[in-house]
Structure formats: structure tokens, C-alpha cells
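Please find below a note on the model under review. It is arranged as numbered points that may be read in any order.

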Amino acid sequence: MSGPGGPRGGDASGPAGRPDRGARGPGGRTAPLGDLGLAGHGRTPAGRSRELVAALAEIRDQPDGPARLVELERIAAQADAAGDDRSAVEARLALIETALLHGERWRLVEPARRCLAVLDRRPEIFTEAEGELLTRYQRYAIEALLGTPRVGLDQARTVGDLARRIGAEAEAVAELRCRIADHLGDEPTAREWYERWAAAEPGPVGGCPGCAPTRRAELLAGWGDQAAALDELRNVLDGAVDCTDQPERALTAALLPWLRQGEPERAGAAHVRAYRRHRGERGSFPHLATHLRFCVLGGHPGRALDILAEQLPRLDHPYDDLSAMEFAAAGALVCNLAVEAGLDGRTVRRPAYGQRPVTELDVATLGGVLLGVATELAGSFDARNGTGHQSGRIAAWLAERPVAVPVPLPADDPADGTERPDDDPEPADLEPAPLTLSMITDALDRRGDRYAVESGATVVGRWGDAVIQFRQLGERGEILHARSLATRRLPAARRAEAYAFCNAWNHDRLLPKAYVHDPDGELVLAGDVSTDLAHGVAPAQLAVLLNAAITTGVAYAEAVAALP
């Protein structure tokens with residue numbers, strides 16, 4: 001989602017799985033990554049501090065949060081002082097993982113830099129998989145400057161170091177140079193790198209190949225090339241790519257180009273479908289600005305106000321500073337045009353946050369508040385960048401006006417034509433009932449997922465690198481069983497490695513339970529989750545369970561795909 005010069009950074013879903021923090025060696029003990037095979041049972045590996053190894057093993061079982069971050073930073077500092085490079089690397093990899101899980105990419109810049117410095121100095125203490133993982137983290141660290149002014153612009157210079165590691169003509173290098181130039185307002189340079197990016201072969205550091213066309217389309221739309229943006233999206237919209245963010249991300253990127261190219265019906269249907277998913281996903285916050293702009297420019301200021309009121313609490317916990325700036329700017333535009341449309345009598349509830357009390361704001365006042373947020377953030381970006389480009393983008397958005405005729409919108413809900421917030425379900429959605437096949441398929445339908453019902457009433461679908469099956473077990477079908485199969489297979493000769501991977505996964509994560517299956521000479525890495533619903537399940541609760549099973553199943557399959 002983006003307006004002029006503002007494509008989103010990276011993939012909403014984050015990195016391909018969480019990095020392995022340990023595997024079980026002989027006797028089931030936990031050994032840090034890289035130490036397998038280097039030390040005997042019960043012995044601290046050479047060059048390692050016994051105290052630091054024990055501290056790392058203990059902190060693996062602590063929940064994510066500020067206390068864990070502080071302890072990891074302490075361990076990393078102590079390891080630096082003790083000359084224990086391996087412990088320092090493990091602590092910082094855990095720091096990076098936590099930052100990514102919490103959507104705070106700006107926090108990974110320094111730990112990634114330090115790990116890469118050790119990689120250059122002592123490559124022998126890293127596994128091949130860790131080296132590849134660090135290269136991806138370097139990309140994320142560079143991308144962080146696009147999302148927040150808290151990262152210095154000098155981070156852009158590290159693109160040269162990334163080019164040294166993966167090649168000057170690599171897809172990721174061209175993309176980053178393109179997007180950084182665009183972020184600074186240097187469109188001619190951005191277009192030059194765009195051509196190289198579009199022509200480059202996809203690589204493992206380039207992010208999700210299914211989302212790359214969408215990122216390019218967002219750039220093109222920001223430059224005013226609406227037809228070219230839609231051409232870039234064609235294969236994604238035709239279902240020719242395999243990505244868990246699609247087609248909703250591509251549909252959102254196409255909203256304003258379709259509107260401006262004279263295809264309002266198609267744009268309206270795309271908005272309704274994509275917003276069903278984006279309204280409740282944390283990682284989809286960056287797409288909300290486009291939904292707001294589309295509604296108000298498409299002649300539906302009332303719907304735009306409804307969405308703004310529904311999503312306003314998320315502005316206090318944004319995905320990053322850029323998405324907060326864009327959401328606030330789009331919200332200010334909505335308020336301005338709503339006042340012009342005679343909706344100035346409406347009020348919007350802004351919830352309490354920190355020291356701020358709950359308030360009821362009229363539309364005009366809310367518009368002023370949001371404009372202040374957007375202007376302040378744009379000014380911070382521009383002060384860091386030494387340009388006025390982001391402030392110019394905000395001004396351009398606020399100058400936009402709706403099309404002449406309201407865009408046709410299909411019914412939001414095929415059942416009754418009404419849309420209900422995910423966080424405010426109807427009473428019927430909260431009433432427990434015995435689990436049935438139709439409840440499972442209805443929940444997947446509401447998510448907009450594609451699936452098939454096979455013999456034995458097994459629901460099967462594919463999400464990214466995972467094939468996930470849902471079925472009922474137990475005498476009364478009261479157990480919801482979700483089984484995830486990684487699409488990547490391993491040769492039978494890698495059995496020991498597959499067992500170690502599953503042991504590490506089961507040690508560090510609750511879901512799914514991982515194991516190895518050997519049906520026909522190839523190793524299938526699978527995982528499952530079983531939930532006893534003997535007392536019934538409410539539709540709203542089932543939706544949460546299915547979402548958790550899909551999210552964790554995809555993360556597991558992506559981790560398998562990332563194995564060397």
C-alpha cells in the first residue's frame with residue numbers, strides 16, 4: 001500500500017520462520033546452534049564460557065519481553081568481554097529474532113552489524129544456514145531505515161557490504177537501492193535501479209518472490225504509472241504466484257490504479273475482499289492507508305469514517321513509523337472530505353493510551369489531530385533524510401479529491417450484507433456449539449482462504465510452503481486436529497539432521513509439534529496441533545484456533561524451506 005514514493009518495506013509476514021536457537025544432542029540435552037558434533041556429552045565446547053552457555057540455555061525458556069531483551073544484551077556484553085564470540089552471536093541472534101517477532105526491525109541494526117563483523121572475522125564458528133540467515137537479517141536492517149527515522153541514513157551505505165556478500169547485480173541489492181532512492185525523492189535514480197531489479201533473477205535474500213511484483217507495483221503507482229502498476233500485478237492477480245499474503249496484498253495495491261484507470265467495479269470488489277483480511281491482522285496495518293484513501297476517493301466518506309473509527313486504536317501500536325505516518329495522513333484526508341460531504345456532525349471515540357484519556361472527537365478535530373501526527377512523522381523523516389520528500393507526499397495526499405461517481409461496492413458479507421469487526425463479534429459468534437465440518441469451512445471462508453474437502457471430511461489447503469489439513473478426531477468429532485506438511489522434502493540420508501531440526505523446534509516452540517515421516521524414501525517434515533473441544537467451541541474462538549494453526553504451520557514449513 002502506498003501513495004507517491006512510498007512502497008511498503010519488505011514482507012508483512014516478516015522473515016521466513018524463526019531462527020533455530022538450539023537442537024537436542026545426545027541424551028536430549030540442549031546444545032546451542034553450531035555446537036553439535038563439536039563437544040561431547042556434558043562438556044562445554046572449547047572457547048566457550050560455561051556460565052554463558054548455561055545462561056543462554058536458561059533464557060531460551062523465558063517468554064519474549066523487555067526482561068528477556070535486557071538479559072540477552074547483558075549476555076552479549078559479557079561474551080564480548082570474555083572473548084566468547086559464539087555466545088555473543090547466539091545472544092544477538094536471539095535479540096534479532098525478538099525484534100522481528102515484535103515488528104521492531106530498527107532494533108536489529110546493531111546486533112546484526114556485530115554478528116556480521118564476527119562472521120567476517122571467524123566464519124568457522126557459523127553454520128552455513130546461519131551465514132545465510134545473517135545475510136537476510138542484513139537486508140532487514142537496511143530496510144529498517146525506510147520504516148523509521150530512528151535508523152540513521154548511513155545504514156543505506158551498508159547496501160555496498162550486502163552487495164559484496166551476495167553480488168552487485170543481486171535482486172536484493174537492486175531493490176534496496178531502488179527503494180532507498182525513492183524514499184529520498186530521487187525518482188530518476190529509483191527508476192534506473194527499478195529496471196535492474198525487475199530484470200534480476202530472484203534470490204534467497206530478495207524476500208518473498210510472490211510479493212516482489214506487488215512492491216514494484218506500489219512504486220509504479222506512486223510515480224503515477226497506473227497502467228504499468230496493473231501490468232506488474234497481472235500474474236499475482238491471476239493466481240500464478242504462491243504466497244500467503246496474496247491475493248489480498250496485490251488487490252490492495254491495485255485499488256487506486258483501478259480507480260484511476262476507470263475500473264471502479266473491479267476496485268470496489270477488491271477492496272471489500274482485501275479488507276476482510278486486513279482489518280484484523282497486525283502485519284496488515286501498512287495496507288490500511290490505501291483502504292482509507294480508496295474509500296474516500298471512491299465516493300464513500302461514510303465507510304471511510306467507519307474504517308477509520310474501527311482502526312484508530314491501532315495507531316497507538318503501529319507496524320512502523322512510516323505506516324503510522326501514512327495511516328494518519330490518510331485519516332486526515334478522510335476527515336477533511338467527510339466534513340465537505342456534510343458528515344462533520346459525527347464523532348469518533350479515541351481510546352485511552354498511556355496518559356491520554358479516552359475522548360470523543362468530532363470529525364474536524366480528529367482530522368487536525370491526525371494531520372499533526374502525520375506532519376510530525378514526515379518532518380522527522382525529512383530531517384533525517386535531508387529532503388522534503390515525505391512532507392511533500394503528505395501534502396499531495398491531502399490535496400486529493402474524490403471521483404465524480406461513487407464506486408459500486410458489493411455486500412461485505414455474503415450472508416447478510418453487513419461487516420462486523422473482528423474484535424467485536426456478534427453474540428451468536430460467542431455461543432459455544434459442537435464442532436462441525438461446516439464451522440471449519442465457514443471460518444476459512446471468512447478468512448478468504450482457498451481449500452478443498454477431501455474424503456473423510458478432511459479440509460486441505462495450501463498456505464505458502466505448507467499444506468495444512470483440518471479434521472475432526474475423537475468419538476464425537478470433538479477434537480480439532482491440524483496437520484502441517486512442509487512442501488520441501490529431504491533425502492533419507494539427512495534423517496539425523498531432520499530429527500535434530502524437529503527436536504530443536506519442539507524445544508523452542510509450543511506449536512506445532514514437529515516430527516519426521518518417511519512414507520516413500522523421502523523425509524516429510526510435519527507438525528500437528530490438537531485441541532480438545534469436548535465442551536463446544538464458539539465461531540469466534542474457532543477462528544482464533546484456525547489462524548494460530550495456519551500461522552504456526554506456515555512458520556514451520558518456511559523454516560524447513562530455509563534449511564541448507
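1. Basis. This is a predicted model, in which local features need pLDDT of at least 70 and side-chain atom pairs count only at pLDDT 80 or more, while totals for chains, interfaces and linings use all residues. Residues are numbered from 1 along each chain as its sequence is written, and side-chain values use heavy atoms, with hydrogens and water left out.

2. Overall make-up. The chain holds 20 helices and ten strands; these are DSSP runs numbered from the N terminus, with helices being H or I of at least four residues and strands being E of at least two. Of its 564 residues, 52% are buried, where buried means under 20% relative accessible area, exposed over 50% and partly exposed in between, with a 1.4 Å probe and protein chains only. Among contacts (heavy atoms within 4.5 Å) between residues at least 6 apart in sequence, 67% join residues at least 24 apart.

3. Aromatic pair Y194 and W223. The whole structure contains eight aromatic pairs. Rings of Phe, Tyr and Trp (its six-membered ring) pair if their centres lie within 6.5 Å; planes under 30 degrees apart count as stacked, over 60 as edge-to-face and the rest as tilted. The ring centres of Y194 and W223 are 5.9 Å apart and the planes stand at 75°, so this pair is edge-to-face. Y194 belongs to helix 8 (residues 187-199), whereas W223 is in the loop between helix 9 (212-222) and helix 10 (226-237), 29 residues apart. Both Y194 and W223 are buried.

4. Aromatic pair W505 and Y556. These rings also form an edge-to-face pair, at 5.1 Å centre to centre and 70° between the planes. Because W505 lies in helix 19 (residues 495-508) and Y556 in helix 20 (residues 539-561), the pair ties together parts 51 residues apart in sequence. W505 and Y556 are both buried.

5. Charges over rings. Y194, W197 and W223 are linked by ring pairs into a cluster. The charged end of R216 sits over the ring of W197, 5.2 Å from its centre; the criterion is NZ of Lys or CZ of Arg within 6 Å of the ring centre and within 35 degrees of the ring normal. The charged end of R509 sits over the ring of W505, 4.0 Å from its centre.

6. Helix 11 and helix 12. The axes of helix 11 (residues 248-260) and helix 12 come within 8 Å and cross at roughly 145°. Axes are lines fitted to C-alpha atoms, for helices over the stretch in contact, and angles run from 0 to 180 degrees between N-to-C directions. Residues of helix 11 in this contact include L251, L255 and W258, and those of helix 12 include A267, A270 and A274.

7. Cis peptide bond. The bond from Q246 to P247 is cis, with omega near 5°. P247 is placed in the loop between helix 10 and helix 11. Most peptide bonds are trans.

8. Helix 14 and L377. In helix 14 (residues 301-311), the buried residues are P301, R303, A304, L305, I307, L308 and Q311. Their cover includes helix 12 (264-278), helix 13 (288-297), helix 15 (321-340) and helix 16 (363-385). L377 lies in helix 16 and counts as buried at 16% relative accessibility. Leaving aside its neighbours within four places in sequence, L377 is in contact with D321, A324 and M325.
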